[in-house]
Amino acid sequence: MAQYLLSVYQPDGPAPAPDFLEPIMRDVEALNRDMKAADAWVFGAGLHPTETATVVRQQGAEVLITDGPFAEAKEHVGGFTVIEAADLDAALGWAEKLARATTLPIEVRPIQH
């Protein structure tokens, strides 16, 4: 079985209100249970806001450390799930369910080993 990264892209800005977010998180937890029951779920996590990011980059002979995200963007990776799936079509099936649960775009990428 191949592994795939399902990245959840969310818009920049403040977190949604709890009454909006609560049913989404309930749906995501239900989907995680389904993935675990199907032996597809490997690992998943939400990420802290982009302002907590630190970027480490080589520039010439020096390494620079800067606060904040790597690039300014209208959206960012807010969380991710690593799954095992027989093929891309199976991974896309899980991604479709995750997109419905989160109401956000999901990027699917195979993981190299």
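Analyst: Start with residue classes: Ala, Val, Leu, Ile, Met, Phe, Trp, Tyr, Cys and Pro count as nonpolar, Asp, Glu, Lys and Arg as charged, and the others, Gly among them, as polar. By that rule, the lining of the largest pocket divides into 17 nonpolar, 13 polar and three charged residues. This is a predicted model: local features need pLDDT of at least 70, side-chain atom pairs count only at pLDDT 80 or more, and totals for chains, interfaces and linings use all residues. Residues are numbered from 1 along each chain as its sequence is written, and side-chain values use heavy atoms, without hydrogens and water.

User: What makes a space a pocket, and what volume has the largest pocket?

Analyst: On a 1 Å grid over the protein atoms alone, a pocket is an open set of points with protein on both sides within 12 Å along at least five of seven lines. Its volume is the space filled by probe spheres set on the points. The largest pocket has about 820 Å³.

User: Which residues line the largest pocket closest to its centre?

Analyst: Lining residues have an atom within 4 Å of a point. Of the 33 in the largest pocket, Val8, Gln10, Met25, Gly78 and Leu104 are closest to the centre. H1 gives the largest share of the lining, seven residues.

User: Why are H1 and H2 called roughly antiparallel?

Analyst: Helices are DSSP runs of H or I, at least four residues, numbered from the N terminus. Axes are lines fitted to C-alpha atoms over the stretch in contact, and angles run from 0 to 180 degrees between N-to-C directions. The axes of H1 (residues 18–37) and H2 (residues 88–102) come within 8 Å and cross at roughly 160°. Angles over 145 degrees count as roughly antiparallel, so H1 and H2 are roughly antiparallel to each other.

User: Which residues make the contact between H1 and H2?

Analyst: Contact means heavy atoms within 4.5 Å. H1 brings Ile24, Asp27, Val28, Leu31, Asp34 and Met35, while H2 brings Trp94, Lys97, Leu98, Ala101 and Thr102. By class, seven are nonpolar, one is polar and three are charged.

User: How do you know that S1 and S5 pair?

Analyst: Strands are DSSP runs of E, at least two residues. Two strands pair if DSSP finds at least two bridges between them. S1 and S5 have 10 bridges, in the antiparallel sense. Pro11 has Glu75 of S5 as its bridge partner.

User: What makes S2 and S6 edge strands?

Analyst: The open sheet has the order S2-S5-S1-S6, with antiparallel pairing. S2 (41–46) and S6 (106–110) each have a single partner strand, so one side of each is left without a neighbour in the sheet.

Notes: Parallel < 35°, antiparallel > 145°, perpendicular 65-115°, else oblique. 1 Å grid on protein atoms, 1.4 Å probe; cavity = no way out; pocket = protein on both sides within 12 Å on 5 of 7 lines; lining within 4 Å.
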